[in-house]
Amino acid sequence: MSEILRVEHLKKSFDELMVLDDINLSVQRGEVVVIVGPSGCGKSTFLRCINGLEEIQEGRVLLGDEVINPAQKGTNKHREKIGMVFQSYDLFPHKTILENTTLAPQKVLKRKKDDAEKEALELLDRVGLASRKDSYPRMLSGGQKQRVAIVRALMMHPEILLFDEVTAALDPEMVREVLDVILDLAKQKRTMLIVTHEMAFAKAIADRILFLDGGQVIEDGDPKQFFESPRTERAKKFLSTFEYDRS
């Protein structure tokens, strides 16, 4: 595998509060890195820094050889290569599902409407929503909206997918349908960084686990070792609050 993303000595603060303190990360093409940690530890902010949605105080984020810096021209071009799915869906309420998934490819990538719609229908079919192409977001369940948001991200042909707590706003019965879509993407060898509190899911999908606490990387390594014999007392305490299959 070849490196696709590198984070070097990243620091991010909000006023006097240091949120991310000297974060380093290298992600290989096709790798699934799952980021876990307590609430407020900087997980979501980390993804937003990677995607150029937040300015950073120190360090740098590189996609291949290109630096992602929201203060520089050309960042939007780099951001097109990084698809991000938020927990809030962010679908346009006045547009149909098909329109929601084809708008950006037509406007940003300048794709023809027919081509964009053909691909969107194929992807919607893959996630079980082709029959809802003419529906509006208000007519869909939370799980369905999140699957549409994933399709919308895939339509931009990103090199990396970022998932920020995409099941946090869902009822328990809807969580599985979204996680199944992400598991399918992992089987396709998509490069993904996933923030989640679903520990069983993290164990099942991750090639690596990144455990953050207090804005720092406490552990970075093999999922089996992390879940069965974490190296640090902090990780042991964190995992003790969850119930999941440790076998």
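Let's start with Cys-49, which is buried at a relative accessible area of 2%; buried means under 20% relative accessible area, exposed over 50%, and partly exposed in between, using a 1.4 Å probe and protein chains only. Cys-41 is buried too, with a relative accessible area of 2%.

This is a predicted model, in which local features need pLDDT of at least 70, side-chain atom pairs count only at pLDDT 80 or more, and totals for chains, interfaces and linings use all residues. Residues are numbered from 1 along each chain as its sequence is written, and side-chain values use heavy atoms, with hydrogens and water left out.

How many disulfides does the structure hold? There are 0, where a disulfide is a pair of cysteine sulfur atoms within 2.5 Å. For Cys-49, the closest cysteine sulfur belongs to Cys-41 and lies 13 Å away, so the two are too far apart for a bond.

Now to the strands, which, like helices, are DSSP runs numbered from the N terminus (helices are H or I with at least four residues, strands are E with at least two). Two strands pair if DSSP finds at least two bridges between them. Strand E1 (residues 3–14) pairs with strand E2 (residues 17–28) in the antiparallel sense, over 9 bridges. These two strands make a hairpin with 2 residues between them, and Asp-15 in the turn has a positive phi of about 55°.

E1 also runs antiparallel to strand E4 (residues 58–63), joined to E4 by 5 bridges.

## Aromatic rings

A pair of aromatic rings is described by the distance of the centres and the angle of the planes. Rings of Phe, Tyr and Trp (its six-membered ring) pair if their centres lie within 6.5 Å; planes under 30 degrees apart count as stacked, over 60 as edge-to-face and the rest as tilted. The count comes to 4 aromatic pairs. One of them joins Phe-211 and Phe-226, a tilted pair at 5.8 Å centre to centre with 45° between the planes. This pair links distant parts of the chain, 15 residues apart: Phe-211 sits in strand E9 (residues 208–213) and Phe-226 in helix H8 (residues 223–228). Both Phe-211 and Phe-226 are buried.

Phe-226 also pairs with Phe-227, edge-to-face, at 5.2 Å centre to centre and 80° between the planes. Phe-227 is buried, as is Phe-226. Ring pairs connect Phe-211, Phe-226, Phe-227, Phe-238 and Phe-242 into a cluster.
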